[in-house]
Amino acid sequence: MGVKQRTAEEKAAIPAVADASVALVAGLTASVAVAPFLMCVDRAVVSAAAGTAPGGSLARAIFAAASEFFKHPKVAFTSPALWMVAGVYGGTYFAKNVSDVVIERTGTSGPVAEWGKFGVVTGVNMGGSILKDAAFARLFGAAVAAGATAAVVPTASYVLFAARDCLTIGGAFVVPDAAKDLLVASCAMSPQVAGAVAQLVSPPLMQVVCTPMHLLALNMVNAPVATLAQRVAALKVSTPPALVARSLRMLPAYGIGGILNTTLSARGRDAARRKFLPSAEDLKAVKERLGRRGGAAAAKLADAKGRKAIASIGVAARRGIVEKTKGSEFNPTDDTGDVPFTLRTGTGGGGGGGAGSSAGTTTPDPKVPRSLCSCSDLTRASRSSSARSLATCG
């Protein structure tokens, strides 16, 4: 997996739907970020293969497609072609992310997990890519230049598209893992650097095989009655520039996009952990945020970050991660700073409650700071309000 595995305690406290939501948001965000460039390259390759590119140049076709985002941004950003590409890669990233979540939650490992993920991601990417490429062939292919209403995509083209996608997904999600281990073992790279290098290099290299297959599939759409010799001659002309363009295209698609997707997933999962399972450091941050002294403590409780921090502790209390200990009710005369909450490290049932309700079932973590916040200087109104809200967390 590209993100840190959950511990058993984290999986028990953090709902699976939270991790699935992170997987969806991360995948869609990454795909939208890289979709404009991918669409320009895909559209230009189809136009160049059909002979409809401006000036007959692939580079000019890419430039012409990209310039629309500056000259006619509304048209470009509402283009069906753009959102087809975003949908394909959003689905692909989400399939990869949610497969990791399922593998993690079910405890599956070994070849079953790896091949299962490969099958799911390939199926999603293949289905979306085939439909997208067939649509692009109709929108920007030779039939458009000839004035025909629609191009016919033969079965052989669909087969070539499918084979291309299997190799592409393998180069994007399977080969990088093996290459990472090889780089760590042979080049003494750190796992992080080796993973980034493998993710950036593997997808473009796979295009040496995938690009001719892609162009042959398009040739069958644009020249349905061409002979084998004519198809080979066409591939000799169109493959070199298309190989460069599609190799560069892989960098944002599975290099930059893959790294962005992994980074967003990791940050989202960490945010979910802080919300549902605050650590000792998180509790200490709350204490520092609210302050131990001064009349400003009450104002800080009304601060947006203060409310969010208290809400996070409340969620943890309801889930049995944080419990009230001595001094669970705020005592106006207590200036010892003894904490009304400690981090649960045992497996006792029930969240919150008084100290007697959880005695013998949990053991406070000695690493947890003994003071979360001191409320001796809060105003009486804020003190009683906070006591009632925090007492209900259990």
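**Group meeting talk: helix packing in a predicted model**

Let's start with contacts, meaning heavy atoms within 4.5 Å. Among contacts in this chain between residues at least 6 apart in sequence, 75% join residues at least 24 apart.

A word on the source. This is a predicted model, where local features need pLDDT of at least 70 and side-chain atom pairs count only at pLDDT 80 or more, while totals for chains, interfaces and linings use all residues. Residues are numbered from 1 along each chain as its sequence is written, and side-chain values use heavy atoms, with hydrogens and water left out.

Now the overview. The chain has 14 helices and two strands. Both come from DSSP runs, numbered from the N terminus: helices are H or I with at least four residues, strands are E with at least two. Of the 394 residues, 45% are buried. Buried means under 20% relative accessible area, exposed means over 50%, and partly exposed lies in between, using a 1.4 Å probe and protein chains only.

Next, the core. A nonpolar core is a set of buried Ala, Val, Leu, Ile, Met, Phe, Trp, Tyr and Cys residues joined through side-chain atoms within 4.5 Å. How many residues are in the largest nonpolar core? It has 50. Those with the most contacts inside this core are M39, V85, Y89, F136 and Y254. Which helices each supply at least two residues of this core? They are α2 (16-50), α3 (58-71), α5 (80-106), α6, α8, α9 (191-222) and α10. The largest share is ten residues, and it comes from α2.

Let's look at how helices pack. First, how we get the angles. Axes are lines fitted to C-alpha atoms, for helices over the stretch in contact, and angles run from 0 to 180 degrees between N-to-C directions. Under 35 degrees counts as roughly parallel, over 145 as roughly antiparallel, 65 to 115 as roughly perpendicular, and the rest as oblique.

Take α5 and α6. They pack at an angle of about 175 degrees, with axes 9 Å apart. So α5 is roughly antiparallel to α6. The residues of their contact divide into 15 nonpolar, six polar and four charged. Here Ala, Val, Leu, Ile, Met, Phe, Trp, Tyr, Cys and Pro count as nonpolar, Asp, Glu, Lys and Arg as charged, and the others, Gly among them, as polar.

Now α8 and α9. Their angle is about 165 degrees, and their axes are 7 Å apart. Therefore α8 is roughly antiparallel to α9. This crossing is right-handed. A crossing is right-handed if the near helix is turned clockwise from the far one by less than a right angle, and left-handed if anticlockwise. The contact of α8 with α9 has 25 nonpolar, eight polar and two charged residues.

What about α8 and α10? Helix α8 covers residues 155-187, and helix α10 covers 228-276. Their axes come within 11 Å and cross at roughly 55 degrees. That makes α8 oblique to α10. The crossing of α8 and α10 is right-handed. On the α8 side we find R164, T168, I169, A172 and F173; they meet R246, M250 and Y254 in α10. These residues divide into five nonpolar, one polar and two charged.

Let's zoom in on single residues. Start with N125, in helix α6 (residues 111-140). Is N125 buried or exposed? Its relative accessible area is 1%, so N125 is buried. Not counting residues up to four places away in sequence, N125 touches V88, Y89, T92, D165, I169 and Y254. Y89 was on our core list too. Leaving aside neighbours within four places in sequence, Y89 is in contact with S31, L38, N125, R249, A253 and Y254.

On to helix α2, where we find V34. V34 counts as buried because its relative accessibility is 7%. Beyond residues up to four places away in sequence, V34 touches Y93, P252 and G257. V34 and A86 are 52 residues apart along the chain, yet their C-alpha atoms are separated by 7.9 Å.

At 39% relative accessibility, T29 counts as partly exposed.

Last one: A137, in helix α6. A137 is buried, at 4% relative accessible area. Its C-alpha atom is 8.0 Å from that of V153, 16 residues apart along the chain.
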